[in-house]
Amino acid sequence: MRVLTGLCAAAVLAAGVVVPAAATAAPARTASEPQYDYAGAIRETVWVDLGRDGDGDGVPDRVAADIVRPKEPAEAGKKIPVIMDASPYYSSVGRGNETQFKTYDAQGRPVGFPLFYDNYFVPRGYAVVLVDLAGTNRSTGCVDVGGASDVQSAKKVVDWLNGRATGYTAKTGGTKMSAGWSDGGVGMIGKSYDGTIANGVASTGVEGLKTIVPISAISSWYDYYRSDGVSFGFDPDGLAQTVERRNGGQDCSAQNRKLADGATANGDYGPLWAERDYVANAKNVRASVFISHGVNDLNVMPINYGQWWDALAAKGVQRKIWLAQTGHVDPFDYRRTEWVDTLHRWFDHYLMGIDNGIEKEPMATVERQPDQWADEATYPAPGTKATVLRPQPGRIPGVGTLGTAGGRGTASFTDNPQAGENEWAANPSATSANRVLYSTAALASPVQVSGTSSVTVTATPSTSTAHLSAMLVDYGPATIRNFSGPGEGIVTGTDRTCWGSSTDGDSACYKTTSADTKNVDYTIISRGWADLANYQSLSREGRLTPGKAYTMTFRLASTDHIVPAGHRLALVIGGTDNSFITAPANPPKLTIDLAKTSAQVPLTGTVPARPRTESAPASPLAHVPAAARFDLR
C-alpha cells in the first residue's frame, strides 16, 4: 500500500503567529492555514444536560460530545468556531467508507475521531465536536429516530457552545464544564442520519448555527419510510434497536414501542411523521445550507433533497448544491480534492468570516457523466419550466407516445407484485401485462429535467386496494456510474491520500476511490410510488370502490438529468414495484384514463406536442436497480 501525501496533506506548522513588519499592512486572509499542533490538541468530553428523561430512569439524559481543539488559541485568549457531526453510529455501524468508530484511551478520553474533519480543520483553527445522540454510545437516554430527542441531542450542544445549556465532566455527577474557548459559531455536517440531524437542528432556528452541510440526508422521515401512502416495508423502531445495541445498557423498549405504534403500516401521514418533518419548519432556518446528494440514491430518496431545497429557496436561505450520479455516497469518496477544497472555503466563509467569494460562485454543480462535472447558475437549471406531458395511445396496446397534446382512450395492466422497474422498462416496444409505457420520438435536441416532477393518474381499480408506481426513463445508450453495484458508483482502491495531520491513534489517510461505471441502454431518471386509497389525503386513506375511477397526484424523485438528442423520454406506469414498495392486500387490474393522466416535468428544451412517429424505442438491455434500503449510513 502506498500513502500519497502530495494532494492536500496539511503540514503542521509551529504554533504562534507571524507578526508582519510595522510598516507593512497585513494582507486580507483568503483561507485558514494549518498553523496549530494537531498532536498536542486538547481532547475532552462534555456531557450536556438535555432536560428530558427519554429512558425513564428518573434522571435527566446527558449526551456525550467528544471534542478535539487546538490548545494555542485558548492559551492566547482567542475563541474559535466549531464543526459538529452529531450521529447515532459512532459505536454501532461506524462512519465513512472505511467504517470508522470512535476510540478512547484507558481513562475514557477520546483518541480516534472518525472521518477527516478533525485532522484537516483542527490545525486550521477549528474545533471538531462529535456528538453521540441520546441512547447511543456514551450518551444516556434513547434514540427516537429524528424526533425531539435526536434533534435536541445536537441542539443542546449548540446551546452549550453558546453558554445557554449546562455541561458536565461526567455522564453522572461530575462538575460543570463551560465552553469558554468557543466563539459560538457552529457548522454542522454529516452524511445520511448525521446530515438529517443537521437539517432538523437548522429547522429549529437555533442561534449560533451558522451553516449546515447535509450529505445524502433526510428532510422528512416520512419520505424515508413511506411514499404518498405506500410503505417501503421497514420501520423506525428497527433502526433504533440497531443504533442502541452498544449504548450504556439503558432500557429503550418503551420508546421503541412508541415508534412502532406511531409508524402505521397503512402508509398514512400521522403525528409521528409530522414531528419528524423538517420541511414544514424550513421557515425557521437561519443557517446557510450546502447540500450534497446522489440523484441515484435509493436509500435516502432524492425527493428528500428536492423538497428541502425548494422550501429553503422559498425562505431565501443562502444555499449551494452538489448532485452526483452515485447512490448513497459521500462526495469525499467520489470527488475528493474538489470536495475538501470547497468544504474548506465554505466553512472559512460562514464560520470564520473570510471573504473568499464562495457565496458568489455557481449555485449548483452536477455530474453529467462519470467524473464529468458542470456548473449551473441556479438549481433548478436556468430556464426550467414546468411542462405537462401527456400519454397518447399508439398502435400497440399499452404502448404509445408522449407529448404536450392531450391524450384519449384507456389502457390497462394488472398489478403483479413479483415484477418491478427492471421488467417494466425492458422491451418498451411490446405490450406488457404489468405496465403501460409512453415515449417521445427521438429528440431533435436535448432536454434537461431539473427539479421535482409529479404524476397525475386517473385509474379505475378492479379491487378495493391499489398501489401505483411511475417513472421517467431516458431511452438511449449511455455510460453511467454503476449505482446498483456494491459501491453504489465507486470502487475503493488500496492507495491512500492524506488530508490533514495524523497521530498514532487517528490517521488522516484514506483509501482512494474511482468511478465504477456501467454501459446501459436506458436510464431511469426519476421514480415515485403511491397508494390510490390516499387520493384525497395522505393523512387518511379511504376504501376504494371497484369499478370507480379515482384521480391522484404523487411526486417523483428530484433530479438533474440531460436527455441527449436522439434519445427518448418515456413515462412508465405500473402497480407494485417489487424493488421498493409493499403490495396492496388485493392487487387489482388498473385501467388508466389517458385523457386525465399526465406528468408535470421541470424541463428546459422542447418536447413536441405529438411525435411524428408512433414507434417505440428499441428494446434495451436489462438494467437492475439497487433495492436494499435498510442501512441508513
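**Figure 1. Strand S24 and its two antiparallel partners.** Strand S24 and strand S27 (residues 517-531) run antiparallel and are joined by 13 bridges. Strands (E, at least two residues) and helices (H or I, at least four) are DSSP runs, numbered from the N terminus, and two strands pair if DSSP finds at least two bridges between them. The model is predicted, so that local features need pLDDT of at least 70 and side-chain atom pairs count only at pLDDT 80 or more, whereas totals for chains, interfaces and linings use all residues. Residues are numbered from 1 along each chain as its sequence is written, and side-chain values use heavy atoms, with hydrogens and water left out. Strand S24 is also joined to strand S30 (residues 568-574) by seven bridges, and these two strands run antiparallel. Val473 has Ile524 as its bridge partner in S27, and Val473 stands opposite Ala570 in S30. Ser469 stands opposite Trp529 in S27.

**Figure 2. Burial of strands S24 and S27.** A residue is called buried under 20% relative accessible area, exposed over 50%, and partly exposed in between (1.4 Å probe, protein chains only). In strand S24 (residues 467-481), twelve of the 15 residues are buried, so this strand is largely enclosed by the rest of the structure. Strand S27 is mostly covered as well, with eleven of its 15 residues buried.

Figure 3. Ile581 lies in the loop between S30 and strand S31 (589-593). Its relative accessibility is 6%, and Ile581 therefore counts as buried. Contact means heavy atoms within 4.5 Å. Leaving aside residues up to four places away in sequence, Ile581 touches Val230, Ser231, Phe232, His467, Leu468, Ser469, Trp529, Gly575 and Thr576. Ile581 and Leu468 are 113 residues apart in sequence, and their C-alpha atoms are 9.6 Å apart in space.

**Figure 4. Helix H4 and its cover.** Helix H4 (residues 193-202) is mostly covered, and ten of its ten residues are buried. Among these buried residues are Tyr193, Asp194, Ile197, Asn199 and Val201. The cover over the buried residues of H4 includes strands S4 (80-87), S10 (182-191) and S11, together with helices H3 (148-161), H6 (236-243) and H9 (303-315).

**Figure 5. The open sheet of twelve strands.** The strands of this open sheet follow the order S9-S8-S2-S3-S7-S4-S10-S11-S14-S15-S16-S17, and their pairing is mixed. Strand S9 (176-177) and strand S17 (372-376) stand at the edges with a single partner strand each, so one side of each has no neighbour in the sheet. Within the sheet, strand S11 (residues 209-215) and strand S14 (residues 288-294) run parallel and are joined by three bridges. Thr211 has Ser288 as its bridge partner in S14.

**Figure 6. The protein as the setting of the close-up views.** The protein contains eleven helices and 32 strands. Its radius of gyration is 26 Å, close to the 26 Å that the globule rule gives for 633 residues, so the protein is as compact as a globular protein of that length. This radius is taken over C-alpha atoms, and the globule rule is 2.2 Å times the number of residues to the power 0.38. Along the principal axes, the C-alpha atoms fill a box of roughly 80 × 60 × 45 Å. Of the 633 residues, 59% count as buried. Among the contacts with a separation of 6 or more, 78% are between residues 24 or more positions apart.
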